[in-house]
Amino acid sequence: MTIYPLGLRLAGKRVLVVGGGAVGTRRVKGLIASDADVVVISPVASAEIADLALAGLLTWHRREFAAGDTAGAWLVHTATGVAAVDAAVTAECDAARILCVNAAEAEASSAWVPAVTRHDGLTVASFGGGDPRRSMALRDAIAALLESGDLSAAPSRQVVLAATPASQIIGAPQAPGTVALVGGGPGHIGLISARGLALLKAADVVVADRLGPTNLLDDLAPDALIINVGKLPDHHPVPQDEINRILVEQAQAGKRVVRLKGGDPYVLGRGGEELDFCVEHGVEVEVLPGITSAISVPAAAGIPVTHRGVATGFTVITGHEGVASVGGSRDHTVVILMGVSKLAESAAALASGERGLDCPVAIIEDGYGPNQRVSFGTLGSIASVAKEREVKSPAVIVVGDVVLRSHLAVGHFAAEIGFSNPLGN
Ligand SMILES: C[S@@+](CC[C@H](N)C(=O)[O-])C[C@H]1O[C@@H](n2cnc3c(N)ncnc32)[C@H](O)[C@@H]1O
């Protein structure tokens, strides 16, 4: 006989359990978890059932089953251990058209209980054709696959969006046919905004950079299209024009497009160009700010870009072509992005102004990443320090007295290279 599987929604509905032994106790716990109105009839019962009764989570009648006890129940489980009693309960249910699970006699039952596993909001129920060991073996195999990720049960993007609390979306869901330029922060997955993460999870298409929280891409819905346009230094696999074209093309195909960018889209990130191109082609764009590496990566090394009494402002520049002079002295911090290859020229230009050759400098490579490393020097020494330590991109270069705020600088390198710490610590 082929069974007809159902998911019962039992909240507030009377379910009778006859028998308070091990099987009855397991059933009772599952039923209480489903918010059923549970009644147990049994002269003796497990300590767990007694405790649940005391806690008011079920009603326990300490007596034998009697004719008429099934009245008012939507569902009955009988597991008394006495075949004749289970048969009497089953017969009464059948007469009253109440579904009945007879633990002793699968073939006599009008309903069977599956082996169940739950995973990430899913319920998987398996039936073993009346053989509980078979249904449990199948259940365990599926549970192991779900747990290991070999069986993907990622929720659909719509479900993710619907299930994400409004407090985490912080605004309306993204409309189809639009582009969101999402600032992903410096790379650590904890440093993207809550809205950015919600938009990313709900995106149909993600156009991603090399920097930023790229680990998040592994967890997107299996049907999300990921287009990697990541640029390597001195190597531009996907030109900016092509990136712009992809954004517009995907949006015009009705997709929710997320352009996931490292740091903040508007800080040396060409976000403005992407916005302009989309708008010129009639595509609506949301620009979502991100945590820029210019401020956060120095902070990862303990360096604040301003500090009362040390620096009152800062300038962020690209060092790609080499830095021209930046006004101000050591109390005006200079933060250089993309500055590793032209470091010697940039340091010389900055030293020629008020800062001088002994102005402190720090280079932070791979901020928040597994290879984060900080190198210290002065405008006079930093190029040879970087060469010796084989400093690589991505890196943020910080110039000014704020560098001395880093406990690393104060504790180690500063003493070696003879910094006089203006803070006296
Ligand atoms: C094209 S710019 C993009 C900057 C980005 N829009 C932002 O706000 O951070 C890339 C440069 O940012 C810096 N950068 C970004 N993430 C970094 C990280 N995790 N560690 C060190 N430098 C980083 C490096 O200077 C890199 O060359």
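User: Which residue stands opposite valine 399 in β17?

Analyst: Happy to start there: in this predicted model, valine 334 is the residue facing valine 399 of β17.

User: What makes β14 and β17 a pair of strands?

Analyst: Pairing calls for at least two bridges between two strands. Strand β14, residues 332-337, and β17 share four bridges in the antiparallel sense, so they qualify as a pair.

User: Why is β17 called largely enclosed?

Analyst: Buried means under 20% relative accessible area. Five of the five residues of β17, which covers 395-399, are buried, so the rest of the structure largely encloses this strand. Both faces are covered: Ala395, Ile397 and Val399 are buried on one side, Val396 and Val398 on the other.

User: What makes the contact of arginine 259 with glutamate 274 a salt bridge?

Analyst: Their side chains meet at 3.1 Å, N to O. The cut-off is 4 Å, so the pair counts as a salt bridge. Arginine 259 belongs to strand β11 and glutamate 274 to helix α9, so the bridge ties together parts 15 residues apart in sequence.

User: Are these two residues buried or exposed?

Analyst: Buried. Arginine 259 has 0% relative accessibility, and glutamate 274 also has 0%; the limit for buried is under 20%. Both residues also belong to a salt-bridge network with Asp209 and Lys261.

User: How do you know that lysine 29 and glutamate 48 form a salt bridge?

Analyst: The N to O distance is 2.9 Å, and the rule asks for within 4 Å, so the pair passes. This bridge links distant parts of the chain, with lysine 29 in helix α1 (residues 22-33) and glutamate 48 in helix α2 (residues 47-54), 19 residues apart.

User: Why are lysine 29 and glutamate 48 called partly exposed?

Analyst: Lysine 29 has a relative accessible area of 40%, and glutamate 48 is also at 40%. Partly exposed lies between the buried limit of 20% and the exposed limit of 50%, so both residues fall in that class.

User: What makes lysine 13 count as a charge over a ring?

Analyst: Lysine 13 lies over the face of tryptophan 74, 4.7 Å from the ring centre. As for aromatic pairs, a search of the whole structure finds zero.

User: What is the mean pLDDT of the protein, and where is the pLDDT below 50?

Analyst: The mean is 90, and 91% of the residues reach 70 or more. Residues 419-425 are below 50, and beyond near neighbours in sequence this stretch has 15 contacts in the model.

Definitions and conventions:
Residues numbered from 1 in each chain as written. Predicted model: local features only at pLDDT ≥ 70, side-chain atom pairs only at ≥ 80, totals over all residues. Heavy atoms only, no water. Buried < 20%, exposed > 50% of the residue type's maximum accessible area, 1.4 Å probe, protein only. Helix = DSSP H or I, 4+ residues; strand = E, 2+ residues; numbered from the N terminus. Phe/Tyr/Trp six-rings, centres within 6.5 Å; stacked < 30°, edge-to-face > 60°. Lys NZ or Arg CZ within 6 Å of the ring centre and 35° of its normal. pLDDT = per-residue confidence, 0-100. Contact = heavy atoms within 4.5 Å.
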